[in-house]
Amino acid sequence: MSDASVWPVFEDEETEPRPTGPVIQLRGARKTYKSGSIEFEALRGIDLSIADGEYVAVVGPSGSGKSTIMNVLGCLDTLTSGEYLLAGENVEELDEIELAAVRGRRIGFVFQQFHLLPSLSAWRNVELPLVYAGVHRDERRERAVEALTKVGLGDRIDNRPGELSGGQQQRVAVARALVGEPTMILADEPTGNLDSRSTEDVLALFDELHEAGRTIVLITHEHDVAARSRRIVQVRDGLIQSEEVLA
Amino acid sequence: MSWIETLRTSWFAIVSHKMRSALTVLGILIGIAAVILTVGLGLGTQKDVSSQISSLGSNLLIVSPGSSTSTSGVRGGFGTGTTLTQADATALASKVNAPDIKAVDAEKSASEELTAGSTNWTTTVVGVTPSYLKVRSRTLETGEFITKADENSEASVVVLGSETAQELFGSTRVVGQSVTIDSQTFEVIGVLASSGSNSTSNLDDTALIPLSTMASNLVGGSQANTVSTVYLQATSADALPAAYQEAKSLLLNRHGIAASGDADFTISSQDALVSTATAVYKTLTILLTGIAALSLLVGGIGVMNIMLVSVTERTREIGLRKALGAPPGAIRNQFLVEAAILGLTGGVIGAALGVIAALVLPGVIGSSIVLSGAAIGGSLVVAIGIGLVFGVYPATRAAKLAPIDALRTE
Ligand SMILES: Nc1ncnc2c1ncn2[C@@H]1O[C@H](COP(=O)(O)OP(=O)(O)OP(=O)(O)O)[C@@H](O)[C@H]1O
Ligand SMILES: [Mg+2]
């Protein structure tokens with residue numbers, strides 16, 4: 001390690017500098033689904049770069065590959081070919097344990113189907129990422145309640161998902177996505193199952209998160225929703241068709 | 001993820017399916033209780049049997065006059081004949097004639113009334129030889145036993161059974177007291193220690209006097225030199241068959257009988273009977289334990305079945321947990337711990353039921369059940385082990401699920 005004196009070596013997570021380059025970098029990303037003898041190419045060479053703190057909406061017709069992109073970005077699925085660099089790190093080289101750590105620390109997910117555990121109360125759902133991050137239990141509860149208060153559900157922390165409206169459930173999911181203070185929020189049609197009122201609640205939360213400096217990738221069908229972001233990426237048939245930067 | 005957290009998550013999964021978990025636990029607990037009980041029952045029976053062995057005397061052969069398999073009307077029945085004599089006993093004691101016989105005790109018994117002061121008590125008076133204690137595996141509580149000198153001088157001395165002493169004197173500290181038997185006065189020189197219970201006859205209610213005294217003073221006449229039983233002690237358990245052969249050929253020879261089928265005596269070995277009984281009980285125990293172990297296996301398969309259902313049912317939850325940062329190990333441990341808790345709960349309740357049954361049952365069925373800490377501890381370990389072994393496959397399957405496939409499951 002002779003060059004340690006020249007180049008500072010950062011081994012500890014806390015002291016790692018914020019990456020100056022893009023947080024997300026897809027290069028020639030291809031994804032082929034195989035079911036039996038039938039192959040389907042869902043992504044056909046995507047180049048996408050998202051900088052730290054950006055708020056990007058991915059839009060496109062059904063079946064165009066939006067969710068596939070999102071799953072790859074969230075390290076839930078792997079590419080068939082091409083490269084995915086997350087904070088400069090090649091995700092393809094990580095093993096299952098490292099991937100789990102990346103998902104837990106860097107990424108907060110919001111799903112169209114909420115994906116809350118029905119048997120757990122709201123705050124127990126929200127604390128889950130902290131459980132796997134090894135946060136102490138007293139601190140977990142404190143932070144979970146704090147996150148729920150932030151999404152306006154400070155009075156519903158002990159309710160189970162079944163006792164909450166769809167909008168409230170999605171806000172619990174947002175609280176869960178932000179409780180671990182990830183650098184990146186990935187939301188796949190988070191408002192797809194919500195009415196306009198609840199949609200507005202959730203989008204307002206995203207605005208706040210964006211202002212707080214989080215990177216947000218939002219997938220949506222709806223134009224009004226996409227219009228809340230700062231950059232719209234249009235996908236069609238597994239390729240990026242156009243990009244539009246908003247004011 | 002800490003172990004406490006894993007435990008909590010697993011416990012939560014168990015209590016949120018109470019009925020299902022209870023039935024799974026039931027499968028294990030029946031198996032564990034059955035194993036503890038059958039092993040305990042087997043050990044208890046073997047203990048009962050072996051305590052009966054030692055109450056009879058060890059490595060014992062019993063020679064009785066008459067034949068147990070009476071084929072001709074000429075000879076008397078088993079135990080009724082007068083064909084055994086003191087001379088036979090002396091011959092059997094010879095190291096030259098019967099090297100595998102260590103000691104010989106000839107006995108002659110009669111029912112007599114004993115009187116001490118104004119108290120009467122009827123018991124079996126037995127004329128014995130000095131080797132009685134050794135051959136019959138008895139010990140003295142107080143005093144001395146009949147000696148060679150007493151035998152030679154036809155001394156009027158008596159050794160009382162502990163119960164007989166109690167009946168006559170209300171105490172067992174009676175050495176030096178006098179007892180009248182058949183209008184002759186005997187001096188009490190010792191009291192036998194209690195032999196413990198015996199199912200066939202009460203070994204504590206007896207009065208022992210020298211065989212010579214018995215022969216000349218109490219019975220007399222033509223019966224004087226006959227004995228009712230000769231007890232032979234073999235040099236070791238392995239020497240029993242040899243001792244049996246030596247005694248048989250010696251007695252046939254002395255009685256001038258050519259065919260062993262015509263023998264006018266019977267030699268039986270209680271040890272042989274007892275060891276047959278022990279072997280039978282052992283086989284029975286192994287069989288029952290095998291059945292109990294099978295039911296444990298079935299219980300284990302029940303655990304595996306429930307865990308597989310649990311994994312399938314919670315595929316989406318597994319996917320979500322992975323998306324939230326759960327490494328494969330945490331998922332695997334969660335299911336393993338869940339299976340182990342099911343096993344342990346079944347083990348603890350099963351062991352408790354087994355112990356309760358072991359305490360209650362002996363009073364009902366009349367045979368003892370031996371509970372060993374090792375069996376109980378072992379069965380708890382086995383119960384957890386079953387949970388773990390049968391949980392490994394479902395847990396590994398859960399840990400290997402690809403997050404995206406798991407999340408997509410409906
Ligand atoms: N596991 C899979 N196996 C086979 N094909 C798949 C699989 N997942 C997705 N696909 C196919 O890949 C294509 C892209 O799917 P994707 O879910 O990314 O679409 P989408 O843009 O999110 O659509 P929507 O707006 O309806 O959610 C679709 O044609 C789909 O049928
Ligand atoms: Mg989709």
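Local features here need a pLDDT of at least 70 and side-chain atom pairs count only at pLDDT 80 or more, while totals for chains, interfaces and linings use all residues, and side-chain values rest on heavy atoms, with hydrogens and water left out. Residues are numbered from 1 along each chain as its sequence is written, with chains lettered from A and ligands numbered from 1 in the order in which they are written.

Confidence comes first. Where pLDDT is low, the predicted coordinates should not be read in detail.

Next come the cores. A nonpolar core is a set of buried Ala, Val, Leu, Ile, Met, Phe, Trp, Tyr and Cys residues joined through side-chain atoms within 4.5 Å; buried means under 20% relative accessible area, exposed over 50%, and partly exposed in between, using a 1.4 Å probe and protein chains only. The largest such core holds 40 residues, and A:Ile24, A:Leu26, A:Tyr84 and A:Leu86 have the most contacts inside it. Leaving aside residues up to four places away in sequence, A:Tyr84 touches A:Ile24 and A:Leu26, and its other partners include A:Val72, A:Leu79 and A:Met184. A second, separate core has 38 residues, among them A:Phe114, A:Ala122, A:Leu130 and A:Ile157.

A cavity is a set of points, on a 1 Å grid over the protein atoms alone, where a 1.4 Å probe fits but cannot get out, and its lining residues have an atom within 4 Å of a point. Grid points are joined across faces, edges and corners, and the volume is the space filled by probe spheres set on them. The largest cavity contains about 70 Å³. Its lining runs to 13 residues, with A:Ile107, A:Gly108, A:Pro129, A:Arg176 and A:Ala177 nearest the centre. Helix 2 (96–106), strand 6 (107–110) and helix 5 (166–179) of chain A each give at least two lining residues; helices (H or I, at least four residues) and strands (E, at least two) are DSSP runs numbered from the N terminus.

The second largest cavity contains about 50 Å³. Residues lining this one include B:His17, B:Arg20, B:Ser310 and B:Glu338. Helices 1 (3–15), 2 (18–56), 9 (270–313) and 11 (328–365) of chain B each supply at least two of the lining residues.

Most residues other than glycine have a negative phi. A:His115, not a glycine, has a positive phi of about 55 degrees; it sits in the loop between strand 6 and helix 3 (122–133) of chain A and is buried, because its relative accessibility is 8%. B:Ser183 has a positive phi near 60 degrees, lies in the loop between strands 6 (178–181) and 7 (184–192) of chain B, and is exposed at 70% relative accessible area.

Finally, B:Val125 in strand 3 (residues 119–128) of chain B is buried at 0% relative accessible area.

Conventions: 1 Å grid on protein atoms, 1.4 Å probe; cavity = no way out; pocket = protein on both sides within 12 Å on 5 of 7 lines; lining within 4 Å. Contact = heavy atoms within 4.5 Å.
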